[in-house]
Amino acid sequence: MILLVTGGAGFIGSNFILYWLKKYPEDKIINLDKLTYAGNLDNLKSIEKNPNHLFIKGDICNRDLVNSLIKNNKVNTVVHFAAESHVDRSILDPAPFIKTNIEGTYVLLEAAVKNKVAKFHHISTDEVFGTLELNSKEKFNEKTPYDPRSPYSASKAASDHLVRAYHITFGLPITISNCSNNFGPFQFPEKVIALAITNIIEDKKVPVYGDGLYVRDWLYVTDHCRAIDLILKKGISGETYFVGGLTRDISNLDVIKIIIKLMGKDESFVQFVKDRPGHDRRYAIDWRKIKNELGWSPKHDFDQGLKLTVEWYKKNLAWWKKLKNAKFQDYYQLQYA
Ligand code: NAD
Ligand code: DAU
C-alpha cells in the first residue's frame, strides 16, 4: 500500500506510523504535517532513516501540494489525522480549527476524488455526539445524532459530514472512525493525562476543571491504531465505526487520583480550577459494531495503559521537557490564570 498519512507527526498519527511500518514494512508512507505546536518529529526518530517513510512539511489546506503528493506518489490510501485537536484552544481561538479541520478536509477530499484514491479513512471523535447524562447507562453508538458543543467538535462534525457527502455524491470510498479519548506515549502535555503526569514530575499541581466529576471513555493509543488497521483492511466503504476503551465510568478526579498514587504522591497535588465553558459531562462508547463486524476489541485496560503511560513519561523527560517551553508557559498562563 502507498499511504498518505496527514498529521503523522502528532500524537496518534505518529503512533500509527510506527505501528504500521513495524507491521507492514514493505508499505510506503507519505507523512504530510504542518508541524504546528502539536507536531513533533522527535516522535518519529526511530524511523528517520527508513526509506519507506517520507516526511513532507506542509499544510493540508495547500491544494497544489496535496494534489501533487497524491498524484506523484501514486497514493492509494489516505489516512486523515491532521487537525487542531485541543478543545481548550478552540475556545481561546476557533479560527485555525475551522481552517484546518473543515477546509483542510475538503481539500483532501477533492484531491482524493480527482486522483481516484481507493480508500479514504477519516479519523474523528466521539465529541461530535455531544454529552451524556452522568450515572446513566447510555452510550454513543453509530446511530447517535450529531450534537457538537465546542468549536473543536463542531469543526470535526463538519468534516465528518463532508467525508460522508463525498462518498454519497462523488462515490469516494470512505470509512470514518469516531473514537474516544486516547492516551499513551507521545501525547502533547496539554491533554489531561499527559499534563497531570508531567506536572507531578515537575512538582506542580494538577488543574482539575469544575467539580472534577466529568467522565471520559479512555483508549490506549495502540489499541486505536489496531482498530484503524482493521478498518483499512476489512472495513466496508461508506461505513462508520465507533472505537472505545475498556473503561468503567471513571471521573476525571479519580483519574488524577490514580495517577497521583501511581507516582507515589498525595492528594495535595489536586488543584480545582475554573471549569471549561460548555464542558461535556460524560462520554461513553458502544463499540460492539467494530467488535462484531471486524473482530476488534481493546487489549489494554485503563489501569494497565496508565501504568505504561506513567513509565513512558518518566523515562522520556527530554521528549516532553522541550515541549513545556516558553510558548507553552504563555498558553498555560492564559488557560489557567
Ligand atoms: P495532535 O494535536 O497531537 O496532532 C495533530 C497533528 O496534525 C500535528 O502533528 C499537527 O502538526 C498536524 N496539523 C495540524 N494542522 C495541520 C495542517 N493544517 N496541515 C497539516 N498538518 C496539520 O492530535 P491527535 O491527538 O494526534 O489527534 C489526531 C486526530 O485524531 C485528530 O483528527 C483528532 O480530532 C482525532 N481524535 C483525537 C483523539 C484524542 O484523544 N487525542 C480522540 C479522538 C479523535
Ligand atoms: O473524546 C475524544 C477527544 O478527547 C478528542 O477528540 C480530542 O482531540 C482530545 O483532546 C480529547 O478531548 P478532551 O477535551 O476530552 O481531552 P482533555 O485531555 O483536554 O480533557 C479530558 C477531560 O479532563 C475533560 O473532561 C476536561 C478535563 N480537564 C482537562 C484539562 C486539560 C481537566 O480537568 N483539567 C485540565 O487541565
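Okay, let's begin at G264, which comes just after helix 8 and takes a positive phi of about 70°. Keep in mind that what we're looking at is a predicted model.

So, helix 8 itself. That's residues 252-262, and the buried ones are N252, L253, V255, I256, I259 and I260. If you look down the axis, those buried residues fall within an arc of 160°, so they line one face of the helix. And what sits over them? The cover includes helix 6, strand 8, strand 9, strand 11 and helix 10. If you want to find those on the screen, helix 6 is 192-201, strand 8 is 206-209, and helix 10 is 302-315.

Back to phi for a second. As a rule, most residues other than glycine have a negative phi. Here we have a couple of residues to look at with that in mind. One is K74, not a glycine, with a positive phi of about 55°. You'll find K74 in the loop between helix 2 and strand 4. Then there's F186, also not a glycine, with a positive phi near 70°. F186 is in the loop between strand 7 and helix 6.

Are these two buried or exposed? K74 has 64% relative accessibility, so it counts as exposed. F186 comes in at 15%, and the cut-off for buried is under 20%, so F186 is buried.

Okay, ligands. Ligand 1 has 28 residues around it, and the closest are I12, D33, S85, Y152 and K156. Take D33: a polar atom of its side chain lies 2.5 Å from an oxygen atom of the ligand. A polar backbone atom of G10 is 3.0 Å from an oxygen of ligand 1, and for N182 a backbone N or O atom lies 2.8 Å from a ligand oxygen. How much of ligand 1 does the protein bury? On its own the ligand exposes 830 Å², and 96% of that is buried by the protein.

Where does that shell come from? Helix 1, strand 5, helix 5 and strand 7 each supply at least two residues, and strand 5 gives the most, with three. By class, the shell of ligand 1 has twelve nonpolar, twelve polar and four charged residues.

L44 lies in the loop between strand 2 and strand 3. With 3% relative accessibility, L44 counts as buried. Setting aside neighbours within four places in sequence, its contacts include G8, A9, I17 and H53.

Now ligand 2. This one is surrounded by 24 residues, the closest being T125, D126, Y152, R276 and Y336. For Y336, a polar side-chain atom lies 2.7 Å from an oxygen atom of ligand 2. The side chain of E127 has an N or O atom 2.8 Å from a ligand oxygen. And S85 puts a polar backbone atom 2.7 Å from an oxygen of ligand 2. The protein covers 94% of the 680 Å² of accessible area this ligand has on its own.

Which element gives the most to this shell? That's strand 8, with three residues. Helix 3, helix 6 and strand 8 each supply at least two. The shell of ligand 2 divides into ten nonpolar, seven polar and seven charged residues.

Conventions:
Residues are numbered from 1 along each chain as its sequence is written. Chains are lettered from A and ligands numbered from 1 in the order in which they are written. This is a predicted model: local features need pLDDT of at least 70, side-chain atom pairs count only at pLDDT 80 or more; totals for chains, interfaces and linings use all residues. Side-chain values use heavy atoms; hydrogens and water are left out. A residue is near a molecule or strand if one of its heavy atoms lies within 4 Å of it. A polar contact is a pair of N or O atoms within 3.5 Å; within protein, one must be able to donate a hydrogen and the other to accept it, and residues adjacent in sequence count only if both atoms are side-chain atoms. Accessible areas come from the Shrake-Rupley method with a 1.4 Å probe; for residues, only the protein chains shown count as cover. Helices (H or I, at least four residues) and strands (E, at least two) are DSSP runs, numbered from the N terminus. Ala, Val, Leu, Ile, Met, Phe, Trp, Tyr, Cys and Pro count as nonpolar, Asp, Glu, Lys and Arg as charged, and the others, Gly among them, as polar. Buried means under 20% relative accessible area, exposed over 50%, partly exposed in between (1.4 Å probe, protein chains only). The arc is that of the directions from the helix axis to the C-beta atoms. Contact means heavy atoms within 4.5 Å.
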